Amino acid sequence: MESQDFIVANEVYIKTDRQQGNMVILKESEDANQYFLMFVGDSEITAIAKEKGFVEPKRPLTHDTYLTILERAGVRFERVEIYTMKENTYYARIIARIGDEEVIFDSRPSDAVALALHERCPILVNKRLLRRELTPEEVKEYESIIKTVKF
């Protein structure tokens, strides 16, 4: 895939809702009208929240331990890519450098985001996976349509 197929997610937001669950929202910029949304489990949201500085665990999280080991082994992380969705599952890959070799690892997107935040490397999202935010006018139009529907 070409780099122009991706946006760089410079903004990472987390939201926890009792009814909807844990959400991670990625945007190119704060005012971008497109976004990527994924639902994640409790341990994944904790790892991302830790990297965002929202929580401070007393002990290292699992990914912290592995990243420390990999750093000592000379692995350098270059970027992560959330690149496709198959059967309602998102797929990501981690691109790293080991010596002179570029190596690609399969990853869950939530783990890739936590790693990228920890390592301060770019998070790329395939443009085909982005959703568009509705304008206020579109929201009003949607609400008016809903009011006319009989259930």
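Here are some numbered notes on the predicted model shown above.

1. Let's start with the overall count. The protein chain has four helices and nine strands. If you walk along the sequence, the order of these pieces is β-β-β-β-α-α-β-β-β-α-β-β-α.

2. Next, the chain as a whole. It has 151 residues, and 37% of them count as buried. The accessible surface comes to about 10400 Å², with carbon and sulfur atoms supplying 49% of that area. Now take the contacts between residues at least 6 apart in sequence: 47% of these join residues at least 24 apart.

3. Which strands make up the four-stranded sheet, and in what order? Reading across, you meet β2, β3, β4 and β9; the sheet is open and its pairing is antiparallel. Its edges are β2 (11-17) and β9 (131-132), each of which pairs on one side only.

4. β2 pairs with β3 (residues 21-27) through seven bridges, in the antiparallel sense. For a place to look, find Glu11: the residue opposite it is Lys27 in β3.

5. There is also a sheet of five strands. This one is open too, its order is β1-β8-β5-β6-β7, and its pairing is mixed. At the edges sit β1 (6-8) and β7 (101-107), and each pairs on one side only. From one strand to the next, the twist averages 25 degrees. For a parallel pair, look at β5 (residues 75-86) and β8 (residues 123-126), which are joined by three bridges. Within that region, Glu81 has Leu124 in β8 as its bridge partner.

6. Helix α3 deserves a careful look. After the helix comes Arg120, which has a positive phi, near 55 degrees.

7. Now for the charges. The structure holds nine salt bridges. Several charged residues belong to a linked network of them: Glu78, Arg79, Glu81, Arg93, Arg97 and Glu102. Arg79 is a handy place to begin, as it bridges to Glu78 with the closest N and O atoms 4.0 Å apart. Arg79 also bridges to Glu81, where the closest N and O atoms are 2.9 Å apart.

8. Glu78 is partly exposed, at 28% relative accessibility. Arg79 is partly exposed as well, at 24%. Both of those values fall between the 20% and 50% cut-offs.

9. The side chains of Lys50 and Glu51 meet with an N to O distance of 3.1 Å. Is Lys50 buried or exposed? Lys50 has a relative accessible area of 18%, so it counts as buried. Glu51 is buried too, with a relative accessible area of 18%.

10. Last, a look at the outside. Which residues form the nonpolar patch on the surface that includes Leu70? They are Tyr66, Ile69 and Leu70, and together they have about 310 Å² of accessible area. Leu70 belongs to helix α2 (residues 62-72). With a relative accessible area of 33%, Leu70 counts as partly exposed. That value matters here because residues in a patch need over 30% relative accessible area.

Technical notes:
Residues are numbered from 1 along each chain as its sequence is written. This is a predicted model: local features need pLDDT of at least 70, side-chain atom pairs count only at pLDDT 80 or more; totals for chains, interfaces and linings use all residues. Side-chain values use heavy atoms; hydrogens and water are left out. Patches are made of residues with over 30% relative accessible area and no salt bridge: like charges are joined within 9 Å, nonpolar side chains (Val, Leu, Ile, Met, Phe, Trp, Tyr) within 5 Å. Accessible areas come from the Shrake-Rupley method with a 1.4 Å probe; for residues, only the protein chains shown count as cover. Helices (H or I, at least four residues) and strands (E, at least two) are DSSP runs, numbered from the N terminus. Buried means under 20% relative accessible area, exposed over 50%, partly exposed in between (1.4 Å probe, protein chains only). Two strands pair if DSSP finds at least two bridges between them. Contact means heavy atoms within 4.5 Å. Axes are lines fitted to C-alpha atoms, for helices over the stretch in contact, and angles run from 0 to 180 degrees between N-to-C directions.
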